[in-house]
Amino acid sequence: MAIIEVTNLHKRYGDTVAVDDVSFSVDEGEIFGILGPNGAGKTTTVECVEGLRVPDRGTVTVLGHDPIQDRGELRQQVGAQLQESRLQDKLTVAEALDLYSSFYRQPADWNRLLEVLGLADKRNTQYRKLSGGQKQRLSIALALVGNPKIAVLDELTTGLDPQARRDTWDLIEQVRNSGVTIVLVTHFMDEAERLCDRLALIDSGRIAALDTPAGLVSRAAQEQRVRFRPSAPLDDDLLTGLPEVTAVQHSGQQTIVTGTGNLLHAVTSVLARNQIVAADLRVEQTTLDDAFIALTGRRLDTE
Ligand code: ADP
């Protein structure tokens with residue numbers, strides 16, 4: 001069941017078209033990703049969902065409400081991650097959570113949130129004394145303190161070290177498992193691939209593709225590559241004769257076979273029939289990164 005519906009959303013700032021006819025829906029209980037390079041229009045899109053921006057055209061419905069007209073009601077049900085340094089430096093973690101809880105009719109037990117987020121021992125620490133990772137985790141706690149039905153998390157793990165990123169991903173999965181629908185804005189491919197049930201690739205204000213991570217990869221995966229070192233000389237014709245194979249190349253002792261369909265099975269069957277062992281066998285899969293390039297014509301990380 002869709003709990004967020006965005007239809008033909010348009011938003012410009014002066015001459016800049018930030019969002020250009022974006023439509024998508026988010027189902028209850030999913031982690032929905034919005035992935036794209038900086039400036040693609042991701043934040044503007046979610047700010048329209050949160051009722052922080054007024055669309056120029058198009059409609060947005062969140063839990064059956066209009067985010068602008070019913071902003072007060074939706075604020076109770078949609079938790080948003082604060083952008084950095086919106087908190088006063090001298091506020092302690094406990095004071096910030098107390099303050100934010102007071103905005104909600106049914107706040108969560110924030111002591112528990114701190115336990116889950118690994119911030120329990122920072123309760124009395126001032127905001128300015130927290131590390132980047134701790135500030136980030138506090139911003140997640142603040143997004144969840146109102147017991148929201150939907151949490152909008154924008155650039156969740158920017159600035160975190162690799163371990164803190166993985167911990168944060170585990171946490172987001174726990175949050176989803178507790179029944180919260182999550183909209184995740186990110187420009188990190190690995191994060192999107194790991195967490196999202198479905199994701200919209202957004203580029204220059206438009207949705208280039210919307211699918212599961214695996215679906216996006218398979219759309220782009222026209223070709224695969226199998227690499228190995230044959231244990232005995234191998235006649236290329238044995239491989240090029242296979243319908244799955246489009247090319248055979250050599251690099252040093254390695255044979256590289258490009259093709260489609262069930263390439264790995266076709267290649268290994270031929271090798272087995274000819275009593276050749278494939279050492280260092282590797283299959284090079286298409287990644288979400290490759291999919292982004294195939295679907296938008298450019299790399300995600302060139303900014
Ligand atoms: P993203 O979140 O994908 O980085 P944004 O939605 O923040 O993208 O921005 C989309 C485009 O709109 C960018 O070109 C950005 O410079 C521009 N933009 C965003 N906010 C404003 C604003 N308040 N005023 C003018 N231009 C803006």
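In which sense do strands β5 and β6 pair, and over how many bridges? Strand β5 (residues 78–80) pairs with β6 in the parallel sense over 3 bridges. The model is predicted, with local features needing pLDDT of at least 70 and side-chain atom pairs pLDDT 80 or more, while totals for chains, interfaces and linings use all residues. Residues are numbered from 1 along each chain as its sequence is written, and side-chain values use heavy atoms, without hydrogens and water.

**View 1. Strand β6 and its partners.** Strands (E, at least two residues) and helices (H or I, at least four) are DSSP runs, numbered from the N terminus. Two strands pair if DSSP finds at least two bridges between them. I150 of β6 is the bridge partner of V78. Strand β7 (residues 181–186) runs parallel to β6, joined to it by 5 bridges, and T181 of β7 is the bridge partner of I150.

**View 2. The two sides of β6.** In strand β6 (residues 150–154), 5 of the 5 residues are buried, meaning under 20% relative accessible area with a 1.4 Å probe, protein chains only. I150, V152 and D154 point one way, whereas A151 and L153 point the other way. In a regular strand, side chains alternate between the two faces of the sheet.

**View 3. Helix α8 and its surroundings.** Helix α8 spans residues 213–220, and its buried residues are P213, G215, L216, V217 and A220. These buried residues pack against helices α7 (189–195) and α11 (288–296), and against strands β8 (198–203) and β9 (206–211); contact means heavy atoms within 4.5 Å.

Note on methods:
Buried means under 20% relative accessible area, exposed over 50%, partly exposed in between (1.4 Å probe, protein chains only).
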